Every structure is written in structure tokens, then in C-alpha cells.
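Please go through this structure with me, from the whole chain down to single side chains.

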Amino acid sequence: MANGGIIGPVIEPTLSSTNGGDKITTFTSSGTFTVSNNNGPKAVHYLVVGGGGSSAAGNLANDALVGGGGGGGGGFRSSFPGGTALTIPGSEPVTVGGADSNSIFGPITSAGGGNGGNNTTSAGGSSGDDGGSGGGAGKYMSGDQTGGDGNTPSVSPPQGSDGGDVTAGGQPGPGTKGASAGGGGAGAVGGSISSWSPSSAQAANGGNGSASSITGASVTYAGGGGGAAGNQQSGPYVFGNGGSGGGGAGARGGTNGTDGLGGGAGGGAGPTLPSYNTTGGSGVVITREADCVFVSSGVWSMDDVLDYRKQSKWGD
């Protein structure tokens, strides 16, 4: 058959079998989402993950202890699968949050994770901060310390979990060891220290994140950071594991959360270092635009290409 001067079979384009013909776009930095071929409005599913929370261990000149709770994972909000897609008329700004910062896509905001609390002798420890998931508490003395609240601000379904607590359990202070809880993850609360000991350092694990298959493969995001605790000069030092989904492990100098996953930072403890401050991993925004990737074999004339572009059936 003749088709614009090129001889070949005429084969109608069909939706790609990959991801059902949906177009996947991943934003690891801020930008603008634009509907394919400017053919809006279109239904667009989303995954929006905030930046993970940081951890800053006590390391002041007059402190005998170092260590800190793990940072909370960034907020995790997704419409895929089974949720309600956004209707995007043409374009929409995208904000990808760095450490402790919100990620935004249209009306959807996922909060940055909460920072982990410090272990210091001068302050006695501190509570974790609130956020998408809450930061874990850090303690030396001064009674109980609480983890930060997750799902802050509150949305439904929840965007994250609480950070872990440190409970004194009636033990007197001060002692010689610290205790550090894990940061919360999108899928689980951070590990808590149920009974603080003045003579034994303790550190808990970060909470696990949540998995998403919006890209066609299952990936876990927004894990909480592990805690770290000990005596500044002589040890021993103990470290909690990071939660799945990019949560940093507690370590001698701490561990940053994983960029692009919104993982919370792991706390740091050990002999004096230049810095024990660790940062949460940056977040991510992923969109899944319905029914816009078409494929076909065969030979195509320029007239055919133009016609199918007008019908939004020709991929970019």
C-alpha cells in the first residue's frame, strides 16, 4: 500500500505493554511537570516523598557524652495504585525537598522528616522533632524524652510514623551513658529505649519505610535513621540500624540519609570528631501519566507521523 511515498504495512499504534502505556517521570530536583503533547487535562498518579530529617549529636566542649536520635523519614504520599489520580490541565510546578524540607506536587505536600534529638550533659538530652515521620529522642538525664510526632501536619492516609522515645524507667541521673531512639519511617515507628540505664549506652533502630511500585518496580522510600550513643572518650559506643528505604545507620560520625529516597539521617557517637551532624536524604516526586505511550512496528511516512502526533499517539 502507498502511504505518502513510503511502501510498507499500515499498523495502528497501540498502547505500550510497559507500565500499561503510562508515562513515568521522576523528579530528583525541582522543576515543572507538563502533560504529554500539551494534551490536557490528563489523569496523573503521583508519589511525593519529603526530605529526610537530620541528626545533630551533642558534642559541646563541656559535654561528656555524644550521640543522638535518628532523623525521621520524609513524608510519603502516593495515589498509586488504587488511589485517586490528580487531574492536571497542562502543567504543574514540582518542588523536591532537601533535608528536613517539604516536597510538593500540585495540592499534595509531603513534609520533611523531623530531626533527631541530641544527647548532651548540659541539656540532659532532647526530644525528637515532629515531621513527615518524627525524629528519635536522645537522652542523658532530665527524665523521659519523647520522639517527634509523625504525620505532621496530619493527612489521611498518614504520611509517616512517630519517632522512638527514651524512657527513664525510674532510674536516677546523671549517669555515664546515653540512650538514643530511632527515627520514624513511613511504614513503622522508630525503635524506642524502654528503660534507660545510667551505666549502659543504648541505641535503637530506625523505622522501616514504605514501598511503591509507581515506576513499575518496587522501591522502598522514607526509612528512619538509627540512633547512636556512648561515652565521648572511652566508649563503648552503640549504633542502631537505619530503616529500609534509605534510613542512615548510627555510626561513629553518623550516616546521611539516602538522597532520592527521603531517608532520615543516622546519629553519630564516638571520640571527638570535627562534626557529628548528619543530614537527611533529599526527597523525590514521581508522576505516572495515564495512557500516553504508544508503540508500533513498521515504516512510517511523515504524513502518518503528523496525523498520530495530532492524536497524541506518537511518543516524544
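## Basis

This is a predicted model, in which local features need pLDDT of at least 70, side-chain atom pairs count only at pLDDT 80 or more, and totals for chains, interfaces and linings use all residues. Residues are numbered from 1 along each chain as its sequence is written, and side-chain values use heavy atoms, with hydrogens and water left out.

## The chain as a whole

The protein chain has 1 helix and 24 strands. Both are DSSP runs numbered from the N terminus: helices are H or I, at least four residues, and strands are E, at least two. Of its 316 residues, 51% are buried. Buried means under 20% relative accessible area, exposed over 50%, and partly exposed in between (1.4 Å probe, protein chains only).

The accessible surface comes to about 12300 Å², and carbon and sulfur atoms hold 51% of that surface. The areas come from the Shrake-Rupley method with a 1.4 Å probe; for residues, only the protein chains shown count as cover. Among contacts (heavy atoms within 4.5 Å) with a separation of 6 or more, 61% join residues 24 or more positions apart.

## Nonpolar cores

In soluble globular proteins, nonpolar side chains tend to be buried together. A nonpolar core here is a set of buried Ala, Val, Leu, Ile, Met, Phe, Trp, Tyr and Cys residues joined through side-chain atoms within 4.5 Å. The largest one has 13 residues. Phe33, Ile88, Val94, Phe105 and Val285 have the most contacts inside it. Strand 6 (42–49) and strand 10 (86–88) each give two or more residues to this core. Strand 6 supplies the largest share, 3 residues. Apart from this core lies another, of 11 residues, including Phe76, Ala186, Tyr221 and Leu261.

What does valine 94 contact, leaving aside neighbours within four places in sequence? The list is Phe27, Ser30, Gly31, Thr32, Phe33, Ile104, Phe105 and Val285.

## Two salt bridges

Side chains of opposite charge can pair when their charged atoms come close. A salt bridge is a side-chain nitrogen of Lys or Arg within 4 Å of a carboxyl oxygen of Asp or Glu. The structure holds 2.

One joins arginine 288 to aspartate 22, at 2.9 Å from N to O. Arginine 288 sits in strand 23 (residues 284–289), and aspartate 22 in the loop between strand 3 (14–15) and strand 4 (23–27). They are 266 residues apart. Arginine 288 is buried at 8% relative accessible area. Aspartate 22 is buried too, at 16%.

The other joins lysine 42 to glutamate 289, at 3.5 Å from N to O. Lysine 42 lies in strand 6 and glutamate 289 in strand 23, so this pair ties together parts 247 residues apart in sequence. Both residues are buried.

## Lysine 139 and its sheet

Lysine 139 lies in strand 15 (residues 138–139). Is lysine 139 buried or exposed? Lysine 139 is buried, yet has no salt bridge. The nearest side chain of opposite charge, aspartate 144, is 5.9 Å away. (Lys and Arg count as positive, Asp and Glu as negative; His and the chain ends are not counted.) Beyond four places in sequence, lysine 139 touches residues including Asn118, Gln145, Val166 and Trp196.

Strands pair if DSSP finds at least two bridges between them. Strands 15 and 16 (residues 179–180) run antiparallel, joined by 2 bridges. Alanine 179 in strand 16 is the bridge partner of lysine 139.
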